[in-house]
Amino acid sequence: ILVLTVVFFWALSILLSYFLSHMNMRPIVKSWQRQQDFVANAAHELRTPLTIIQSKIELLLTKPHDKIINQMEPIALSLSETRRLNQLTKELLVLARSDSNMTQVTYQPTKMAPFLKQVVAPYSEIAASQKKQFRVQITLQATQLIDQKRIHQLLVILLDNALKYTQTGDQIQFKAWVHGNRWLLEVADTGVGIAPKNRKAIFERFYREDKSRSRQTGGNGLGLAIAKWIITSHKGTVKVLANRPHGSRFILSFPVRRH
Ligand code: ADP
(Lines give C-alpha, C1' and ligand atoms only; values in the text may rest on other atoms or scores of the structure.)
Protein backbone atom coordinates (compact mmCIF):
# COMPACT_ATOMS: atom_id res chain seq x y z
CA ILE A 1 0.00 0.00 0.00
CA LEU A 2 2.82 2.36 0.93
CA VAL A 3 4.54 1.79 -2.38
CA LEU A 4 1.28 2.31 -4.26
CA THR A 5 0.59 5.60 -2.40
CA VAL A 6 4.10 6.89 -3.17
CA VAL A 7 3.73 5.96 -6.84
CA PHE A 8 0.29 7.59 -6.97
CA PHE A 9 1.52 10.92 -5.55
CA TRP A 10 4.62 10.83 -7.72
CA ALA A 11 2.48 10.33 -10.84
CA LEU A 12 0.10 13.04 -9.68
CA SER A 13 2.92 15.54 -9.18
CA ILE A 14 4.31 14.78 -12.66
CA LEU A 15 0.86 15.26 -14.19
CA LEU A 16 0.30 18.52 -12.28
CA SER A 17 3.66 19.99 -13.23
CA TYR A 18 3.03 18.98 -16.86
CA PHE A 19 -0.35 20.77 -16.90
CA LEU A 20 0.94 23.86 -15.10
CA SER A 21 3.90 24.22 -17.45
CA HIS A 22 1.65 23.83 -20.51
CA MET A 23 -1.18 26.04 -19.27
CA ASN A 24 -1.02 29.70 -20.24
CA MET A 25 -0.86 31.30 -16.77
CA ARG A 26 -0.47 34.85 -18.06
CA PRO A 27 -4.17 35.84 -18.10
CA ILE A 28 -4.70 34.32 -14.64
CA VAL A 29 -1.71 36.18 -13.19
CA LYS A 30 -2.82 39.38 -14.92
CA SER A 31 -6.37 39.19 -13.59
CA TRP A 32 -5.05 38.37 -10.10
CA GLN A 33 -2.75 41.40 -10.33
CA ARG A 34 -5.70 43.56 -11.45
CA GLN A 35 -7.72 42.44 -8.43
CA GLN A 36 -4.79 43.22 -6.13
CA ASP A 37 -4.49 46.73 -7.62
CA PHE A 38 -8.25 47.22 -7.34
CA VAL A 39 -8.27 46.35 -3.64
CA ALA A 40 -5.20 48.51 -2.93
CA ASN A 41 -6.66 51.50 -4.80
CA ALA A 42 -10.05 51.06 -3.15
CA ALA A 43 -8.45 51.01 0.30
CA HIS A 44 -6.46 54.13 -0.56
CA GLU A 45 -9.55 55.98 -1.84
CA LEU A 46 -11.54 55.01 1.27
CA ARG A 47 -8.76 56.18 3.54
CA THR A 48 -8.69 59.80 2.38
CA PRO A 49 -12.26 60.76 3.39
CA LEU A 50 -12.03 58.64 6.54
CA THR A 51 -8.89 60.48 7.64
CA ILE A 52 -10.58 63.85 7.06
CA ILE A 53 -13.71 62.82 9.00
CA GLN A 54 -11.61 61.46 11.88
CA SER A 55 -9.53 64.63 12.19
CA LYS A 56 -12.63 66.87 12.06
CA ILE A 57 -14.41 64.86 14.77
CA GLU A 58 -11.29 64.94 16.93
CA LEU A 59 -11.21 68.71 16.47
CA LEU A 60 -14.88 68.98 17.51
CA LEU A 61 -14.16 66.95 20.64
CA THR A 62 -11.48 69.40 21.74
CA LYS A 63 -14.14 72.16 21.98
CA PRO A 64 -17.13 70.53 23.66
CA HIS A 65 -18.52 73.83 24.98
CA ASP A 66 -18.29 75.73 21.69
CA LYS A 67 -21.63 76.73 20.11
CA ILE A 68 -22.64 74.60 17.14
CA ILE A 69 -22.70 77.69 14.88
CA ASN A 70 -18.93 78.00 15.40
CA GLN A 71 -18.44 74.35 14.46
CA MET A 72 -20.05 74.51 11.03
CA GLU A 73 -16.87 74.07 8.99
CA PRO A 74 -15.79 70.70 10.46
CA ILE A 75 -19.40 69.44 10.50
CA ALA A 76 -20.07 70.41 6.88
CA LEU A 77 -16.78 68.92 5.74
CA SER A 78 -17.45 65.67 7.61
CA LEU A 79 -20.87 65.49 5.95
CA SER A 80 -19.51 66.05 2.43
CA GLU A 81 -16.77 63.45 3.01
CA THR A 82 -19.39 60.99 4.30
CA ARG A 83 -21.39 61.55 1.10
CA ARG A 84 -18.25 60.90 -0.91
CA LEU A 85 -17.68 57.65 1.02
CA ASN A 86 -21.26 56.62 0.37
CA GLN A 87 -20.94 57.19 -3.38
CA LEU A 88 -17.55 55.46 -3.48
CA THR A 89 -18.79 52.33 -1.68
CA LYS A 90 -21.82 52.14 -4.00
CA GLU A 91 -19.57 52.29 -7.07
CA LEU A 92 -17.10 49.78 -5.63
CA LEU A 93 -19.97 47.39 -5.04
CA VAL A 94 -21.17 47.69 -8.65
CA LEU A 95 -17.66 46.88 -9.94
CA ALA A 96 -17.05 44.06 -7.46
CA ARG A 97 -20.38 42.49 -8.46
CA SER A 98 -19.58 42.87 -12.15
CA ASP A 99 -16.23 41.09 -11.59
CA SER A 100 -17.89 38.12 -9.99
CA ASN A 101 -20.70 38.10 -12.61
CA MET A 102 -23.22 38.59 -9.82
CA THR A 103 -25.11 41.25 -11.76
CA GLN A 104 -27.39 39.93 -14.44
CA VAL A 105 -28.39 42.13 -17.34
CA THR A 106 -32.19 42.17 -17.47
CA TYR A 107 -33.40 43.10 -20.94
CA GLN A 108 -36.74 44.82 -21.15
CA PRO A 109 -38.52 45.97 -24.34
CA THR A 110 -38.24 49.74 -24.17
CA LYS A 111 -39.69 52.54 -26.26
CA MET A 112 -36.42 54.37 -26.62
CA ALA A 113 -37.55 57.94 -27.38
CA PRO A 114 -39.73 58.47 -24.25
CA PHE A 115 -37.27 56.52 -22.10
CA LEU A 116 -34.29 58.64 -23.16
CA LYS A 117 -36.26 61.89 -22.93
CA GLN A 118 -37.16 61.06 -19.35
CA VAL A 119 -33.54 60.21 -18.44
CA VAL A 120 -32.07 63.41 -19.89
CA ALA A 121 -34.88 65.79 -18.84
CA PRO A 122 -33.38 66.79 -15.44
CA TYR A 123 -30.17 67.82 -17.18
CA SER A 124 -31.87 70.71 -19.03
CA GLU A 125 -32.63 72.31 -15.70
CA ILE A 126 -29.23 71.60 -14.15
CA ALA A 127 -27.44 72.93 -17.25
CA ALA A 128 -29.62 76.06 -17.29
CA SER A 129 -28.90 76.69 -13.60
CA GLN A 130 -25.17 76.52 -14.44
CA LYS A 131 -25.65 78.81 -17.47
CA LYS A 132 -24.75 76.08 -19.94
CA GLN A 133 -26.65 75.12 -23.08
CA PHE A 134 -28.14 71.66 -23.30
CA ARG A 135 -29.40 70.34 -26.65
CA VAL A 136 -31.25 67.10 -27.18
CA GLN A 137 -31.83 65.39 -30.52
CA ILE A 138 -33.57 62.01 -30.38
CA THR A 139 -34.59 60.29 -33.62
CA LEU A 140 -34.45 56.78 -32.20
CA GLN A 141 -38.06 55.70 -32.39
CA ALA A 142 -37.95 51.92 -32.31
CA THR A 143 -38.43 49.66 -29.33
CA GLN A 144 -35.19 48.07 -28.16
CA LEU A 145 -34.29 45.42 -25.64
CA ILE A 146 -32.22 47.12 -22.95
CA ASP A 147 -31.56 46.94 -19.23
CA GLN A 148 -33.24 50.23 -18.37
CA LYS A 149 -31.59 50.64 -14.97
CA ARG A 150 -28.12 50.14 -16.43
CA ILE A 151 -28.62 52.35 -19.49
CA HIS A 152 -29.99 55.02 -17.18
CA GLN A 153 -26.90 54.70 -14.98
CA LEU A 154 -24.65 54.89 -18.06
CA LEU A 155 -26.24 58.12 -19.26
CA VAL A 156 -26.09 59.66 -15.80
CA ILE A 157 -22.33 58.96 -15.71
CA LEU A 158 -21.73 60.54 -19.13
CA LEU A 159 -24.01 63.53 -18.57
CA ASP A 160 -22.65 64.17 -15.05
CA ASN A 161 -19.15 64.19 -16.54
CA ALA A 162 -20.22 66.54 -19.33
CA LEU A 163 -21.45 68.94 -16.64
CA LYS A 164 -18.38 68.43 -14.44
CA TYR A 165 -15.86 69.14 -17.19
CA THR A 166 -17.54 72.22 -18.70
CA GLN A 167 -17.81 75.82 -17.60
CA THR A 168 -20.39 78.60 -17.77
CA GLY A 169 -21.28 79.31 -21.41
CA ASP A 170 -20.30 75.83 -22.64
CA GLN A 171 -22.59 73.51 -24.58
CA ILE A 172 -23.65 69.92 -23.98
CA GLN A 173 -25.35 67.89 -26.67
CA PHE A 174 -27.18 64.57 -26.41
CA LYS A 175 -28.09 62.61 -29.54
CA ALA A 176 -29.73 59.23 -30.16
CA TRP A 177 -30.28 57.73 -33.58
CA VAL A 178 -30.30 54.52 -35.64
CA HIS A 179 -27.73 53.69 -38.30
CA GLY A 180 -28.23 50.42 -40.18
CA ASN A 181 -28.47 47.63 -37.63
CA ARG A 182 -26.99 49.70 -34.78
CA TRP A 183 -28.45 52.33 -32.49
CA LEU A 184 -26.18 55.10 -31.31
CA LEU A 185 -25.94 57.57 -28.47
CA GLU A 186 -23.69 60.61 -28.33
CA VAL A 187 -22.83 62.89 -25.43
CA ALA A 188 -20.71 65.82 -26.58
CA ASP A 189 -19.50 68.86 -24.69
CA THR A 190 -17.41 71.95 -25.33
CA GLY A 191 -15.50 71.59 -22.05
CA VAL A 192 -11.88 70.92 -21.19
CA GLY A 193 -11.58 67.87 -23.49
CA ILE A 194 -9.39 64.78 -23.11
CA ALA A 195 -5.84 64.52 -24.45
CA PRO A 196 -5.70 61.86 -27.24
CA LYS A 197 -3.09 59.83 -25.34
CA ASN A 198 -5.45 59.49 -22.36
CA ARG A 199 -8.60 58.46 -24.23
CA LYS A 200 -8.13 54.77 -23.49
CA ALA A 201 -6.96 55.22 -19.90
CA ILE A 202 -10.07 57.16 -18.81
CA PHE A 203 -12.00 53.85 -18.73
CA GLU A 204 -9.59 52.30 -16.24
CA ARG A 205 -10.63 52.05 -12.61
CA PHE A 206 -9.54 55.05 -10.51
CA TYR A 207 -8.02 56.84 -13.50
CA ARG A 208 -8.37 60.62 -13.29
CA GLU A 209 -6.69 63.06 -15.63
CA ASP A 210 -6.35 65.67 -12.93
CA LYS A 211 -6.66 64.24 -9.42
CA SER A 212 -6.95 67.57 -7.64
CA ARG A 213 -9.70 68.85 -9.93
CA SER A 214 -11.52 65.54 -9.70
CA ARG A 215 -11.46 65.75 -5.94
CA GLN A 216 -13.05 69.22 -6.06
CA THR A 217 -15.75 68.00 -8.46
CA GLY A 218 -16.40 64.91 -6.35
CA GLY A 219 -15.12 62.31 -8.82
CA ASN A 220 -13.22 59.18 -7.86
CA GLY A 221 -12.37 57.78 -11.28
CA LEU A 222 -14.83 54.87 -11.23
CA GLY A 223 -17.66 56.33 -13.33
CA LEU A 224 -16.28 55.49 -16.76
CA ALA A 225 -15.12 52.02 -15.62
CA ILE A 226 -18.74 51.31 -14.70
CA ALA A 227 -19.89 52.89 -17.99
CA LYS A 228 -17.55 50.60 -19.94
CA TRP A 229 -18.90 47.55 -18.14
CA ILE A 230 -22.50 48.55 -18.95
CA ILE A 231 -21.62 49.16 -22.61
CA THR A 232 -19.81 45.81 -22.92
CA SER A 233 -22.62 43.94 -21.17
CA HIS A 234 -25.00 45.34 -23.86
CA LYS A 235 -22.52 44.17 -26.56
CA GLY A 236 -21.84 47.81 -27.41
CA THR A 237 -18.73 49.83 -28.21
CA VAL A 238 -17.55 53.31 -27.24
CA LYS A 239 -15.41 55.85 -29.07
CA VAL A 240 -13.98 59.04 -27.58
CA LEU A 241 -13.28 61.87 -30.01
CA ALA A 242 -12.40 65.53 -29.79
CA ASN A 243 -15.20 68.06 -30.13
CA ARG A 244 -14.93 71.37 -31.97
CA PRO A 245 -13.61 73.92 -31.10
CA HIS A 246 -12.80 72.08 -27.86
CA GLY A 247 -14.27 69.42 -25.57
CA SER A 248 -15.04 65.76 -26.03
CA ARG A 249 -17.54 63.46 -27.75
CA PHE A 250 -18.50 60.05 -26.43
CA ILE A 251 -20.14 57.95 -29.15
CA LEU A 252 -21.74 54.69 -28.11
CA SER A 253 -22.96 52.09 -30.56
CA PHE A 254 -25.20 49.08 -29.78
CA PRO A 255 -26.62 46.29 -31.90
CA VAL A 256 -30.33 46.64 -32.62
CA ARG A 257 -32.16 44.09 -30.44
CA ARG A 258 -35.86 43.77 -30.89
CA HIS A 259 -37.98 41.30 -28.96
P1 ADP B 1 -14.37 61.00 -12.39
O2 ADP B 1 -15.17 60.56 -11.25
O3 ADP B 1 -12.99 61.48 -12.05
O4 ADP B 1 -15.10 61.95 -13.31
P5 ADP B 1 -14.63 59.04 -14.49
O6 ADP B 1 -14.28 57.61 -14.50
O7 ADP B 1 -16.06 59.39 -14.75
O8 ADP B 1 -14.12 59.63 -13.13
O9 ADP B 1 -13.73 59.79 -15.56
C10 ADP B 1 -12.34 59.53 -15.58
C11 ADP B 1 -11.59 60.74 -16.08
O12 ADP B 1 -11.92 60.97 -17.45
C13 ADP B 1 -11.95 62.03 -15.37
O14 ADP B 1 -11.18 62.20 -14.20
C15 ADP B 1 -11.63 63.09 -16.41
O16 ADP B 1 -10.25 63.37 -16.39
C17 ADP B 1 -11.92 62.37 -17.72
N18 ADP B 1 -13.24 62.74 -18.28
C19 ADP B 1 -14.37 62.01 -18.24
N20 ADP B 1 -15.38 62.64 -18.88
C21 ADP B 1 -14.88 63.80 -19.36
C22 ADP B 1 -15.40 64.90 -20.12
N23 ADP B 1 -16.66 64.92 -20.53
N24 ADP B 1 -14.55 65.92 -20.42
C25 ADP B 1 -13.27 65.90 -20.02
N26 ADP B 1 -12.70 64.90 -19.29
C27 ADP B 1 -13.50 63.86 -18.97
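## Helix packing

Helix axes are lines fitted to C-alpha atoms over the stretch in contact, and angles run from 0 to 180 degrees between N-to-C directions. Helices (H or I, at least four residues) and strands (E, at least two) are DSSP runs, numbered from the N terminus. The model is predicted: local features need pLDDT of at least 70, side-chain atom pairs count only at pLDDT 80 or more, and totals for chains, interfaces and linings use all residues. Residues are numbered from 1 along each chain as its sequence is written, and side-chain values use heavy atoms, with hydrogens and water left out.

Helix α3 (residues 72–99) packs against α2 at an angle of about 160°, and the two axes are 9 Å apart. α2 is therefore roughly antiparallel to α3; angles under 35 degrees count as roughly parallel, over 145 as roughly antiparallel, 65 to 115 as roughly perpendicular and the rest as oblique. The α2 and α3 crossing is left-handed, meaning that the near helix is turned anticlockwise from the far one by less than a right angle, with clockwise giving right-handed. The contact of α2 with α3 has 16 nonpolar, four polar and six charged residues. Here Ala, Val, Leu, Ile, Met, Phe, Trp, Tyr, Cys and Pro count as nonpolar, Asp, Glu, Lys and Arg as charged, and the others, Gly among them, as polar.

For helix α4 (residues 112–129) and helix α5 (residues 148–164), the axes cross at roughly 25° and come within 10 Å. α4 is thus roughly parallel to α5, and their crossing is right-handed.

## Aromatic pairs

Rings of Phe, Tyr and Trp (its six-membered ring) pair if their centres lie within 6.5 Å; planes under 30 degrees apart count as stacked, over 60 as edge-to-face and the rest as tilted. The count is five aromatic pairs. One of them is the tilted pair of F38 and F206, at 6.1 Å centre to centre with 40° between the planes. Because F38 lies in helix α2 (residues 26–62) and F206 in the loop between β5 (182–189) and α6 (211–217), this pair ties together parts that are 168 residues apart in sequence. Both F38 and F206 are buried (under 20% relative accessible area, with exposed over 50% and partly exposed in between; 1.4 Å probe, protein chains only).

W183 and F254 are stacked, because their ring centres are 4.5 Å apart and their planes at 25°. W183 is in strand β5 and F254 in strand β7 (residues 248–255), so this pair links parts 71 residues apart in sequence. W183 and F254 are buried.

## Charges over rings

A charge sits over a ring if NZ of Lys or CZ of Arg is within 6 Å of the ring centre and within 35 degrees of the ring normal. R205 lies over the face of F38, 4.5 Å from the ring centre. K228 lies over the face of F203, at 5.6 Å from the ring centre.
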